[in-house]
Amino acid sequence: MRQAYETETETEHGSAEAPRSGSRIRALLSTWRGDPGIWRRGVVVAAVAVATGLLMILHAQIPNRIGNVGSLTETFLPWLGLLVPVLLVLALLRRSATALLALLVPAVVWLNLFGGLLSDKAAGGGNLTVATHNVNAENTDPEGTAREVASSGAAIVALQELTGDAVPAYEKALAPEYRYHSVQGTVGLWSKYPMSDTRPVDIRLGWVRAMRSTVATPSGDVAVYVAHLPSVRVKLNAGFTASQRDTSADALGEAIVRDPVGKVVLLGDLNGTMNDRSLNSVTSQMRSTQGAVGDGFGFSWPASFPMARIDQIMVKGVEPVSSWTLPRTASDHLPIAASVRL
């Protein structure tokens, strides 16, 4: 009876010998303190951690001469942060204090580079909302795509990758909301406010994939650029092929720097991220709305699993207020929008 009572009591109230979580942690730390190998193990994990941190710090020094490896690294730079939890697990499995200390390098570097993107920095007071979308030349629902973008409430909408057959569908769907519009080549601009000085922009392609227009908003004139820079490819025999895009980016930057209107908004698919040095002719003179006041990374491509923000809203002489991605459409890109204060 005494044994039965003690067994029942332990079942109801827990065994006196059952270790608590705090006790287990203290026991683990005590074991590590008594282990002389914690500084010798995990050297490889530590080396990978330090190398990852240095790669993020020195990404601008990675040469582009061979396969544009530098630009390729910068395109997916935020994803290097995923190595930190993986290496953390390996360090714990190896019971390596050396690896754990080394992990501080990539963790601190990543937070310094991208930690500011983890919070919503949106503010109020915007007086102009703009949106842009690469609608995909193979879009099977142009009307629905146009309505989805228009539902953002944007006063100015830019579309890229327009085909001649699909343009009438976009025009019809957007006509009720936007009185003014212009299509130049494969890009188009729709506005609720009058447009003037609308013309193609030569980005050294031989055909039109960029345009600009002066939009007369109630808060003053703003020069709006729409651009779709050439696509890039990753090839085993050639690396990251982006030379044509880089040439077009330089031409676009030159056009923007010469624009007589002091307030400029750039909307489009630049086929590159803000970290990509090859877009410096544009990014050095303009601010990314997502980087300044966005909520999160704002990845826009591919729509099925966004991994990079190659669709951009950038401003010059204009104060960004908020920036966000819009719901998915029939395109392989996500549309994006921003509110600015002129």
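How much space lies in the largest cavity?

## The model

This is a predicted model, in which local features need pLDDT of at least 70, side-chain atom pairs count only at pLDDT 80 or more, and totals for chains, interfaces and linings use all residues. Residues are numbered from 1 along each chain as its sequence is written, and side-chain values use heavy atoms, leaving out hydrogens and water.

## The cavity

The largest cavity holds about 30 Å³ of space. The structure has one cavity of 30 Å³ or more. (A cavity is a set of points, on a 1 Å grid over the protein atoms alone, where a 1.4 Å probe fits but cannot get out; lining residues have an atom within 4 Å of a point.)

To find the largest cavity, look for its lining: S288, T289, Q290, R309, D311, Q312, I313, S323 and I336. Two elements, α12 (289–293) and β12 (311–316), each give two or more residues to this lining, and β12 gives the largest share, three residues. By type, the lining has two nonpolar, five polar and two charged residues.

## Two helices side by side

Now turn to α3 (residues 43–57) and α5 (residues 83–94), whose axes come within 10 Å and cross at roughly 165°. That makes α3 roughly antiparallel to α5 (the term covers angles over 145 degrees). The crossing of α3 and α5 is left-handed.

In the contact (heavy atoms within 4.5 Å), V45, V48, A49 and T52 of α3 meet L83, L87, L90 and A91 of α5. Seven of these contact residues are nonpolar, one is polar and none is charged.

How values were computed:
Axes are lines fitted to C-alpha atoms, for helices over the stretch in contact, and angles run from 0 to 180 degrees between N-to-C directions. Helices (H or I, at least four residues) and strands (E, at least two) are DSSP runs, numbered from the N terminus. Angles under 35 degrees count as roughly parallel, over 145 as roughly antiparallel, 65 to 115 as roughly perpendicular and the rest as oblique. A crossing is left-handed if the near helix is turned anticlockwise from the far one by less than a right angle, and right-handed if clockwise. Ala, Val, Leu, Ile, Met, Phe, Trp, Tyr, Cys and Pro count as nonpolar, Asp, Glu, Lys and Arg as charged, and the others, Gly among them, as polar. On a 1 Å grid over the protein atoms alone, a cavity is a set of points where a 1.4 Å probe fits but cannot get out, and a pocket is an open set with protein on both sides within 12 Å along at least five of seven lines; lining residues have an atom within 4 Å of a point. Grid points are joined across faces, edges and corners, and a volume is the space filled by probe spheres set on the points.
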